[in-house]
Amino acid sequence: MKLKINARTSEYIAKGFIWGAAMSVMIVLVAIIVYILVKGLPVINFSFLTTNPYNMGRSGGIASTIVGTIYITVVAIIIAVPFGIGTAFYLAEYTQENIITRIIRFSAESLAGIPSIIYGLFGYIFFVMYMGMGWSILAGGLTLAFMILPTIIRTSEEAIRAVPHIYREVSFSLGGTKWQTIIKTVFPSAIQGIVNGIILSIGRCIAETAAVIFTAGSVLSMPGSLFDSTRTMAVHFYILASEGISMDNAYGTAALLIIIIFLINVIVNALVNRFISKSK
Amino acid sequence: MKKFKENLSGRIFLLFALSSISALALITVFIVVRGIPIISDVGIMDFVFGMNWAPTEGEYGIFPMIVGTVAVSLGAGLIGVPIGLCCSIFLSEFAPPFITTVFRPAIQLLAGIPSVVYGFWGLIFIVPLIRDYLGGPGLSILAASIILAIMILPTVVSISEVSLLALPRQYKEGALALGLTHWQTIRCVMLPAAKSGIVAAVILGIGRAIGETMAVIMIVGNAVAMPESILDPVRTLTTNIGIEMGYATGIHQEALFATGIILFVVIMILNATAQYITRKKSG
């Protein structure tokens, strides 16, 4: 260093910067959440949650968007979970590191980095057009299933690898086959971590906008079947806010989204902490 | 029967495991097939370096959007990376335990907040601030950079924190034993040793910034023009798709998929680089 600063002074300056940065991030987070909640909470009441939107969302509640969000999330989870867990078991239990696992890992990690708008484009051209599903819950859910697949693979594989090796050895020594060992020993021990990944993925589905707006559409009425178009809460919020249709209802929807995401984070953290304290 | 079940289960797991490969292949094929015709019609150079985007007049040049994307994500990196690094050093070195238990979930929560909410918050807070104090329309490169800087924090913080925590304890203990201060230890020993993880964190963070759509649509102004300052509105590759996909048909829609191809290629290169860096270190 050319510039001579006393080691103690630079220590203070660096510490100050680091604390400052960390605290300002906290302040920004709190500012975002508090602002949305202060504006949105007064809007949320029983009828807001249970009546359908009228007049493009200017009046009425958001019931149909809640139902649409749930449908799409359920479809995505049902499709992605078996594939994700299956992949994780294959990577962790059935094979050594070789060219196939390397390609699988590369694909999964690349999928995790692909922007949601690309998923939206893909879902539109593949599910909506090519498969002829039209703008529908099914097309939206399947698109999201592609999007959350890498999250489920990664969290499940970590959970499976965290199961102590001795469990498997005991099961094998009792004459258990590989399949029996996986189903009766490894899976139950890893289930908490796997559930974690699933809950995180639910959060991603609920928060997603770009990938669903081009695949599920933005029809406001209550969806009757998987082939109906629907509007999720995040899309509803985007349309209300960006077109200035109803700021009150926009804030209400955003507040509900924030509350759900917050609860999901609390649940995941509680599960992780329980997991850590149990394994100690 | 048992033997059969054993073999079958292995096969089924392999089949599941091929899903991520097929997903990536499907995405690549369908986006490329839909977007390639227009690129070959217009010519790759004219498409990428064309200055005019006027789908109604058959002009498809995305260079201003590439500049917009670069400007916005560089800005996000310049603001977000130092702050993110500070946060990860804070978490791994300085934070007292009771703060860590709040701070780490808080960073996770940042990752969970819907991008539309960030965009909206930026529109309400950041855009008016810029308009009133710095001039210009407020909807600008700067506004998008600030919001994206917040959005990439979870990526930057979590990956660089992991690589800092993964360092052998002897590095730190050795440095401290030689009489270095805590900060000197971090700057001269720990950060260089964790360099590859941090570089990967930065690359993935920038990748997130490049790929973000909804938040950026709401605050970047979306004007198709070459920006002259960071207070000018721009359009990015993602917002070009996001805005026009709603009504585009025919060749216009193909041009949006072609925009997607460019975006996809850039992201895949960044991903592969980040994976290569982390793997080289661990392997």
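Predicted model: local features only at pLDDT ≥ 70, side-chain atom pairs only at ≥ 80, totals over all residues.
The model scores ipTM 0.93 and pTM 0.93, and for chain B the mean pLDDT is 92, with 98% of its residues reaching 70 or more.

The contact between the chains draws on 65 residues from chain B and 68 residues from chain A. On the side of chain B that touches chain A, the most is given by helix α1 (residues 2-42) of chain B, which supplies 20 residues. Classified by residue type, this side of chain B comprises 42 nonpolar, 18 polar and five charged residues.

B:Leu153 is placed in helix α6 (residues 141-165) of chain B, and it counts as buried because 26 C-beta neighbours lie inside 10 Å, where 20 or more are required. Leaving aside residues up to four places away in sequence, B:Leu153 touches A:Val25 as well as B:Gly80, B:Ile83, B:Gly84, B:Cys87, B:Ile107 and B:Leu110. The C-alpha atom of B:Leu153 is separated by 9.7 Å from that of B:Ser88, a residue 65 residues apart from it along the chain.

Positive phi values in residues other than glycine were examined next. A:Asn55 has a phi near 55 degrees and lies in the loop between β1 (53-54) and β2 (59-60) of chain A, where it is exposed, with 10 other C-beta atoms within 10 Å. B:Asn222, for which phi is about 65 degrees, is found in the loop between α10 (214-219) and α11 (237-244) of chain B; B:Asn222 is buried, since 20 other C-beta atoms lie within 10 Å.

Key:
Residues numbered from 1 in each chain as written. Chains lettered and ligands numbered in written order. Contact = placed C-beta atoms within 7 Å. Helix = DSSP H or I, 4+ residues; strand = E, 2+ residues; numbered from the N terminus. Nonpolar A, V, L, I, M, F, W, Y, C, P; charged D, E, K, R; others polar. pLDDT = per-residue confidence, 0-100. Buried ≥ 20, exposed ≤ 12 C-beta atoms within 10 Å, placed from the backbone.
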